[in-house]
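Let's take a walk through this model together, from the backbone to the ligand. Please have the sequence and the 3D view open as you read.

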Amino acid sequence: VVKASASAEQFAPSNIALCKYWGKRDRELNLPINASLSVSLDYLGSHTRLIPVDGQRDEVWLNGQQLQPGARFSQKVSAFIDLFRRDQDLYFRVETRNNIPTAAGLASSASGFAALTLALNDALALDLPPEQLSILARMGSGSACRSLFTGFVQWNMGLREDGMDSHGIPLARTWPGFCIGLVEIDAAEKATDSRSGMQRTVETAHLYQSWPLQAAADLSKLQQAIEARDFELLGQTAEQNALSMHATMIASWPPLLYWQPESVAAMQKVWQLRAEGMPVYFTMDAGPNLKLLFQREDRDALLKHFPGLETVEPFGP
Ligand code: PMV
């Protein structure tokens with residue numbers, strides 16, 4: 001039972017999936033059809049502040065601007081706080097600041113819901129353990145359950161119907177020199193969010209039937225690559241996994257193509273660099289932007305081909 005509320009502020013990192021979550025077996029609880037594996041982006045993510053307010057509804061602010069109560073993000077945030085509120089009159093001003101572009105396939109909903117979960121845990125003095133916080137964050141946005149942890153994180157699909165075994169688990173390995181580069185093609189909000197994109201794929205693409213098999217095989221290759229610090233195996237697996245997910249999207253009806261011509265040009269540039277001997281790979285989420293996977297020693301050479309590339313070292317310099 002929640003008794004008191006106080007102000008709180010928390011940060012959670014964004015995360016990039018190397019084996020993607022695509023498809024829900026339970027849309028209320030955000031239970032996935034497949035297990036996934038990601039890497040958290042260190043300092044890139046969301047700062048969320050909660051301030052209790054006297055009114056009868058939450059106020060949601062995103063990057064310094066108050067959102068209309070009817071805005072999609074506002075409604076998602078309030079519905080999420082309802083899980084904590086139960087029947088009590090307990091409303092907040094929620095201020096989220098992302099230091100990554102919002103809703104452009106750079107997973108800001110993941111860091112946003114993870115930071116909000118951590119802030120609610122503090123504001124309501126819940127003192128919940130990380131797995132339970134991960135389960136709660138999952139209900140806000142599936143991939144948010146991985147943003148509760150740093151480094152490589154696995155999200156097991158779980159077997160239970162109540163979802164109590166479906167949460168993020170940090171994988172113990174570190175990987176100095178491992179780099180991620182964000183290629184921003186378009187920062188505008190995408191037309192089809194991942195929730196409706198997943199549903200359309202699951203319901204209309206026959207190709208989707210092969211996806212759980214692809215994801216399971218990729219997950220074990222990624223575990224092996226992380227264990228052995230085999231960068232090529234990691235990069236190849238992540239790139240093929242992302243393209244396989246996009247293949248299922250394209251095979252949906254109406255077709256779901258998140259790419260823009262510039263996305264394809266960037267993919268071709270990556271393939272060209274690889275043909276010239278540079279170990280660089282890409283992954284993509286439900287948006288037009290690319291995330292490059294490479295090693296620190298190739299950073300300067302890569303920047304010549306992708307000027308203005310924002311690079312992050314998830315395991316520190
Ligand atoms: O957590 P959601 O509902 O925003 O879905 C995320 C889906 C992908 O970003 C495409 C894949 C992933 O695992 O992050």
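A residue is called buried if 20 or more other C-beta atoms lie within 10 Å of its own, exposed if 12 or fewer do, and partly exposed in between. Keep in mind that this is a predicted model. Asp42 lies in strand β4 and has a positive phi of about 55°, although it is not a glycine. Asn30 also has a positive phi, near 55°, and is likewise a residue other than glycine. You will find Asn30 in the loop between β2 (24–26) and β3 (31–32). Asn30 counts as buried because 22 C-beta neighbours lie inside 10 Å.

Now follow β4 (residues 36–53) to its partner β7: the two run antiparallel and are joined by eight bridges. Thr48, for instance, has Thr96 of β7 as its bridge partner. Strand β5 (residues 59–62) is joined to β7 by four bridges, and this pair runs parallel. Here Val60 has Val94 of β7 as its bridge partner. Which residues make up the covered face of β7? They are Phe92, Val94, Thr96 and Asn98, while Tyr91, Arg93, Glu95 and Arg97 form the uncovered face. In a regular strand the side chains alternate between the two faces of the sheet.

Next, look inside. The largest nonpolar core has 76 residues, and Ala114 and Leu292 have the most contacts inside it. Helix α2 (residues 108–123) gives the largest share of this core, nine residues. Leaving aside residues up to four places away in sequence, Leu292 touches Ile180, Gly181, Val183, Val270, Val280 and Phe282.

Helix α6 (residues 231–250) is worth a stop too. Its 20 residues reach 28 Å from the first C-alpha to the last, close to the 28 Å expected at 1.5 Å a residue. The buried residues of α6 include Leu234, Ala238, Met245 and His246. What do the buried residues of α6 pack against? Their neighbours are β1 (8–19), α4, α5 (211–228), β11 (281–283) and β12 (290–295). In the loop between α6 and α7 (261–275) sits Pro254, which is joined to Trp253 by a cis peptide bond with omega about -5°.

Finally, turn to the ligand. Of the 15 residues around it, Ala17, Tyr21, Ser143, Ser194 and Asp285 come nearest. The elements giving two or more residues to this shell are α2 and α4 (194–204). The shell divides into six nonpolar, six polar and three charged residues.

Notes:
Residues numbered from 1 in each chain as written. Predicted model: local features only at pLDDT ≥ 70, side-chain atom pairs only at ≥ 80, totals over all residues. Core = buried A, V, L, I, M, F, W, Y, C linked by C-beta atoms within 7 Å. Contact = placed C-beta atoms within 7 Å. Near = placed C-beta within 6 Å. Nonpolar A, V, L, I, M, F, W, Y, C, P; charged D, E, K, R; others polar. Pairing = 2+ DSSP bridges. Expected span 1.5 Å × (residues − 1).
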